[in-house]
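Look at the sequence and the model first, then read the points below.

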Amino acid sequence: MTSRLPGPARWRIFMLLLAVSSVNAAYTVLIPLVPQIERDAGLDKAGIALMFAVYAGAKAVAQPFGGLWVDRWRTGQVALLSLLLIALCVYLLAIARTPLAVLAARTAWGVGAGLLTPTLYQGVTELCVRYAVPTKRVMAWFGGAAVTGLLLGPAFAGLAVGFGLYWLCLICAVVTVGTGFGVHAALREPTAAAVPAEAGTAPAAEPLPRRVWLGTVVLFGVLDLFTNLAYSALEPTIPLYLRDAGQISLVFVLGMATFAVVSWQLGRSRGGPRPAGLILLGCAIGAAGFAVLSFGDSVWAVAPGMVVIMVSQPMLYLAARWGTAELRETGRPMGLAFGIFGAISDFGYMLGPLLGVFLFDRLGPPGFTVVGLVGALGLLCIGPVRRWERRAAAADDRCPAPRRAEVRTAALVSHASRSAGTIEHGP
């Protein structure tokens with residue numbers, strides 16, 4: 001397989017990366033604007049906390065429904081409608097003048113993000129199969145794009161702060177609408193048109209038993225839950241630890257930049273460890289990084305610790321998504337798989353800040369080491385992941401490469417046919 005992407009694949013995958021980056025940028029652009037939202041809508045501190053909490057909760061709950069939807073309809077159309085909903089909510093937040101209006105906009109925004117997330121993963125899976133692009137490569141790029149968006153949001157808000165909340169939100173909404181139509185175009189071509197006609201007639205592989213399929217999805221979701229929990233525990237505690245705004249910004253920018261660079265490098269590398277190996281490396285390196293944070297409240301200790309942690313995070317991010325994407329060869333619906341995965345994963349973002357503040361309040365700096373050990377509980381997933389890898393390898397040995405290609409394309413043709421309404425929807 002060549003290292004260069006085919007021409008058509010390049011712009012299509014780029015549009016999906018742009019989507020995840022722009023959605024994250026629209027989310028984080030609000031962070032510097034929280035004081036203005038608080039003032040305009042009359043929110044108190046509890047209202048500000050709810051503004052973020054209802055988004056996370058709605059996103060987690062909506063993801064399985066987004067997965068079911070994308071399994072039964074065209075991926076590009078689901079992505080477009082989800083992004084249009086997000087754009088509408090960004091604009092409604094800009095004009096909200098009551099706490100209820102703010103919370104309603106944020107809840108609906110979370111629903112849109114929840115519908116979009118499994119849709120983008122499904123779109124990536126389709127494009128990887130259609131153009132024979134390694135799933136590992138594009139999933140790693142997704143991590144880099146997501147973090148780039150998180151970085152660009154506050155930077156854009158800082159540069160354009162003079163525009164005010166309304167115009168910044170309007171700009172974000174317009175960009176999101178444009179991205180939606182771009183993603184729709186990138187995913188518009190039916191998968192059936194991109195594969196040989198006889199592929200659609202190949203007998204489908206025997207589906208993985210539902211219990212095994214669901215257990216594997218939950219396994220990778222739990223791995224990602226621990227990964228997200230460990231990182232999100234840092235978001236409220238490092239500011240409590242350092243206190244200086246400049247130092248806090250430096251630490252998080254260094255961390256996010258490290259994540260993006262390591263993600264890109266993981267995507268470029270050919271071969272390398274499988275998901276179980278990435279889990280082992282990521283948990284070990286992450287625990288070491290959290291231990292470094294306990295050495296002192298100086299930026300000279302915290303910044304290197306954050307860099308080490310953010311070397312580990314993309315390894316675990318990639319392992320969870322790569323493993324989930326490999327389920328496409330099992331004959332089970334991929335949209336629902338990504339939806340369940342995302343719902344479990346996002347609970348880490350809700351639990352992490354609570355755990356971080358609790359441990360820091362009770363233990364002080366040693367609390368970071370405890371957070372690292374909790375995050376390293378992802379090691380418990382290695383045994384089941386290795387068994388899954390052996391099972392997948394055995395299936396590959398029994399099925400020659402041309403036959404595996406037929407199975408993949410047949411599954412995607414079946415999905416395209418259901419999307420177009422040419423066969424009856426299943427239960």
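Trp11, Arg12, Met15, Leu16, Leu18, Ala19, Ser22 and Ala26 in helix 1 are in contact with Cys172, Val175, Thr179, Gly182, Val183, Ala185 and Ala186 in helix 7 (contact means heavy atoms within 4.5 Å). By class, this contact of helix 1 with helix 7 has 11 nonpolar, 3 polar and 1 charged residues. The model is predicted: local features need pLDDT of at least 70 and side-chain atom pairs pLDDT 80 or more, while totals for chains, interfaces and linings use all residues. Residues are numbered from 1 along each chain as its sequence is written, and side-chain values use heavy atoms, without hydrogens and water.

**Helix 1 and helix 7**
- Helix 1 (residues 7–28) and helix 7 (residues 164–186) pack at an angle of about 155°, and their axes are 9 Å apart.
- That angle makes helix 1 roughly antiparallel to helix 7 (over 145 degrees counts as roughly antiparallel).

**Asp71**
- Asp71 is part of helix 3 (residues 45–72).
- Asp71 has a relative accessible area of 7% and is buried (buried means under 20% relative accessible area, with a 1.4 Å probe and protein chains only).
- From Asp71, the side chain reaches the backbone nitrogen of Leu336 at 2.8 Å.

**Thr237**
- Thr237 sits in helix 9 (residues 234–242) and is buried, at 2% relative accessibility.
- Its side chain reaches the backbone oxygen of Ala233 at 2.6 Å.
- Leaving out residues up to four places away in sequence, Thr237 touches Gly356, Val357, Phe360 and Phe368.

Methods: Axes fitted to C-alpha atoms, helices over the stretch in contact; angles between N-to-C directions. Helix = DSSP H or I, 4+ residues; strand = E, 2+ residues; numbered from the N terminus. Parallel < 35°, antiparallel > 145°, perpendicular 65-115°, else oblique. Nonpolar A, V, L, I, M, F, W, Y, C, P; charged D, E, K, R; others polar. Buried < 20%, exposed > 50% of the residue type's maximum accessible area, 1.4 Å probe, protein only. Polar contact = N/O pair within 3.5 Å; in protein donor to acceptor, adjacent residues only side chain to side chain.
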